[in-house]
Each structure stands twice: as C-alpha cells, then as structure tokens.
Amino acid sequence: MRLLEGVVRPYAWGSRTSIAAIRGLPTPSPHPEAELWFGAHPAGPSTCVDTDGEPATLLAEIDAHPTQSLGVAAVAEFGPRLPFLLKVLAADEPLSLQAHPSAEQAAEGFARENALGLAPDAPERNYRDGWHKPEVIVAITEFDALAGFRDPAQTVDLLRELQVAELDPYLGMLAGQPDCNGLRALFTTWITLPEAVIATLVPAVLDAAVSLLAQGDSEFRSELQTLLELGESYPRDPGVLAALLLNRIHLEPGEALYLSAGNLHAYLQGTGVEIMANSDNVLRGGLTPKHIDVPELLRVLDFSPVAPQDLAPQIRTINAERIYLTEAREFRLSRVELDGTGLRHASSISFDMPGPQILAVLRGTIEVRSVTGGTTTVHAGQAIWIADDDPDVTVRAAAAKATFFRALVPAAPVAD
C-alpha cells in the first residue's frame, strides 16, 4: 500500500473553492483548480509517500514492478501501464464540446498521424496515443452537462419555439429528416458555417432565447439558459448552435453519466469524481480556441439520438459500496460511505478483489489495514494505492462520516 498525493491541474475553467475545500486548504485558492489527478498518467503522476517520508511517483512504481503492481491479467490486456485515471473534476465554467474515439479509431488514428510525422505535442494532432477513452462522471455536487444528441423531434420543437427566421432553413433540414442522418447533416452544416454567417445567426438566436425566457413558460428553460451562457463566452463559435442539439442533463449528488465512444458532450458546471481510460485522445467540436479537425470529428461522432436516462450507468449496491457498472474493461468505479458511529452506515468494509486499486477520500478520514497488520491513514483529498500483490485490506472510518471512491481494473463483469 502506498499513500498518494494527487496532482492539481490549474485549467482556466476550474474552481477556486471545490478542490481546495476537499483538501482542507484555504479558499479561494490562488488560481483555478480544475482537476485533482490520482493515477500514473505521464503528464501528472501521483506522488507516493513511503513510511519514511521519501516520495516517489506511482508511475515509477509501476514501471519498476509492472506485474506485481498491476497483476498478470491487466498487463496481458493493457500492457505495463495503469489503464485508468481517477480525478476530482471541478468546473466553474463550461468545458469544450468534445468526443472520444473508439478503440479501433484511436489505434488507426495514432498510427496514421505517426506515419505523417506529426510531433507528439503538435497542436494539430488528434491522437496522442492508441487508446480509447470511455469515462464516467459521478456528481459530488449538483452537476450540469450536455451529452448525447437529443431526440430530433424535441429539437425541432425547441427550434420552432425560438421563432428565428434565420433558423428556418436549418430547422427544415431536421424536420424533414428527424433521425441520425438529419442530425449529422445539420451538425455538419452548423459547424462549417462561415464566420460571417455565425456572426449574425448566433446573436439572433440569443436574442430569441432572451425573449422566450422572459415569457416564462418554455419547457426548454434550462436549455435556453445554457445557450445564453455559452453565447456570452463564445459569441462567434458554432459550438453554441451545436449545443442546441444535445441533451441538457442535471445530476444530483451520487448520480452519474457514462460517456462511451462518439458521444458529443461538454461538462458545464459542478464538481464530480471522474474515471476514464488512461488516454489523451480528444476530438473537439467547439467552445474552445483549440484545434478542431472537423472531418475527423465527423468520422468519430455517433449521431444516434439517445435519451438522458440511457447515459446513466447501471448501479449495484453491495453493503456500503455503490458500484457504477459499465462495459469499460479499463476501470470500475464505486462510492463507499462509512459511518464511524455505526448508526446510519457500516463503519468498515473489506476488499478481497485483486488490484490494482486506488481509494480516493473525498470526506473525512479512513484507516486502511492490511491482513498482515500494517495500517495507513488517509485524509480527505488523499488516496491510497493498493497493488495487485498487496494483501487484502479492511477500510475503517476514522471520523464520524467518511466517503471515498474506489477505482479498480475489473477482473470480470459483476454478475446481476
């Protein structure tokens, strides 16, 4: 077992309070703190702290002892690398519209760009590695997102409510073909509009949204409010229009989204725990000054309409553990709530599944005791690494209430 200190990523859209508060530090923080990483990503590996206080990194630990750290099965399937990255994500401003490739698309794209001689850090690179990037976000606070293409019939209703004459040709595209093909045609048209057209169309849509909200009776109130927020930040970005095609999703704490390959999405606001396959492959679709490769994005996107409830992972509860089940082979995420008093929840839980595992504490303090007798105390904002060859452990709440998230590589699908 190794105590982990996470790595803070200071992206501009981050929060000055959420991550600092979890770590027990003064707020507001000096700069936005967007993500707190726990893992072995080369760009930000967690620090391991030995009992004698000498730091190392989890990446170095795994590189030195891959089979002992990860286990034979994980190395055979994913190579000598931790296949997931666990994060706390805190968004005060919207992230970019983006999608991730499938495993086959990632492998092909990475090989293609290598053959073209693109530098690993070239801004026009789409594929930084050969891996796909499914991900799960579990809300800690109320959390808002855009994800998946909405039922086209509902989108037609929204566009009609806006009553913008300049939208009529585009509305007709979707009303005449209210399916994935119509969505593809409309999205492609919008994302490739000349800047001069965007400069007039977006303001007209925003003005209509203001008027519609003032009437106070629209069923699309949250969608319209989001449209205005995005338009204020990105007034000349076609991604503002593209956002009209997506489901506007609100998560309460404990609720989750699973985003598989090809799902166009953008996190809007809130704090959550995110786990993803350990990859940097992102195809952006707007709301960003970064590189957008439209042809490649269109090749990756899945335009099949999806209902918000179909983006939620299945949940299985076993004692104090709430497990978020997905098809991803790289990770499994669960939330564990312990009660040191034993009144409302169990005060301890035992784990006997093989590693690798990371337990990240979000609230309170836990004590992790191995069957051989060693104990490690983990405070909120810290995590503990449990390698495949570590002994089984029992986790006990060392405070009245303790909440942690457990990330692991699943040995096999959980039976229903």
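Which residues touch the most other members of the largest nonpolar core? They are L162, L167, F187, W190 and L241, in a core of 52 residues. Let's walk through the model from there.

## Before you start

This is a predicted model: local features need pLDDT of at least 70, side-chain atom pairs count only at pLDDT 80 or more, and totals for chains, interfaces and linings use all residues. Residues are numbered from 1 along each chain as its sequence is written, and side-chain values use heavy atoms, leaving out hydrogens and water.

## Three domains

The domain assignment gives domain 1 (2–70 + 79–146 + 250–294), domain 2 (152–248) and domain 3 (315–408); such bounds come from an automatic or database domain assignment. Between domain 1 and domain 3, the C-alpha centres lie 21 Å apart. The contact (heavy atoms within 4.5 Å) takes 34 residues from domain 1 and 30 residues from domain 3.

The size of an interface is often given as the accessible area lost when the parts come together. Domain 1 and domain 3 bury about 2,600 Å² between them, with 72% of it on carbon and sulfur atoms. Here, buried area is the accessible area (1.4 Å probe) that two parts lose on being put together, summed over both.

## The nonpolar cores

Back to the opening question. A nonpolar core is a set of buried Ala, Val, Leu, Ile, Met, Phe, Trp, Tyr and Cys residues joined through side-chain atoms within 4.5 Å. Buried means under 20% relative accessible area, exposed means over 50%, and partly exposed is in between (1.4 Å probe, protein chains only). In soluble globular proteins, nonpolar side chains tend to be buried together.

The largest core has 52 residues, and helix α9 (residues 195–215) gives the most to it, with 10 residues. Domain 1 and domain 2 both give residues to this core, so it lies between them. Take L162 as an example: leaving out residues up to four places away in sequence, L162 touches L167, V205, A208, A209, L212 and L224. Apart from this core lies another, of 36 residues, among them F38, I275, L362 and W385.

## A sheet of nine strands

Helices (H or I, at least four residues) and strands (E, at least two) are DSSP runs, numbered from the N terminus. Two strands pair if DSSP finds at least two bridges between them. Nine strands form an open sheet with antiparallel pairing, in the order β5-β4-β1-β21-β18-β23-β16-β15-β14. At the edges stand β5 (55–57) and β14 (314–318), each with a single partner strand, so one side of each is left without a neighbour in the sheet.

Neighbouring strands here are turned by 30 degrees against each other on average, direction ignored; axes are lines fitted to C-alpha atoms, for helices over the stretch in contact, and angles run from 0 to 180 degrees between N-to-C directions.

## Strand β12 and its partners

Strand β12 (residues 265–277) is mostly covered, with 12 of its 13 residues buried. Its antiparallel pairing with β6 (residues 84–91) runs over eight bridges, and A91 stands opposite G270.

Five bridges join β12 to β8 (residues 135–139), again antiparallel, with V138 partnered by V273. A further antiparallel pairing links β12 to β9 (residues 143–149) over four bridges, where A147 stands opposite H265.

## Some individual residues

L70 sits in helix α3 (residues 66–70) and is buried, with a relative accessible area of 2%. Beyond its neighbours within four places in sequence, L70 is in contact with several residues, including I62, V75, L82, P356 and W385.

Most residues other than glycine have a negative phi, and most peptide bonds are trans. The peptide bond from T27 to P28, however, is cis, with omega near 0 degrees; P28 is in the loop between α1 (18–22) and β3 (35–38). Q163 has a positive phi, near 55 degrees, and lies in the loop between α6 (152–162) and α7 (168–175). L287 also has a positive phi, of about 60 degrees, and its place is in the loop between β13 (283–286) and α12 (294–300). Are these two residues buried or exposed? Q163 counts as exposed at 73% relative accessibility, whereas L287 counts as buried at 2%.
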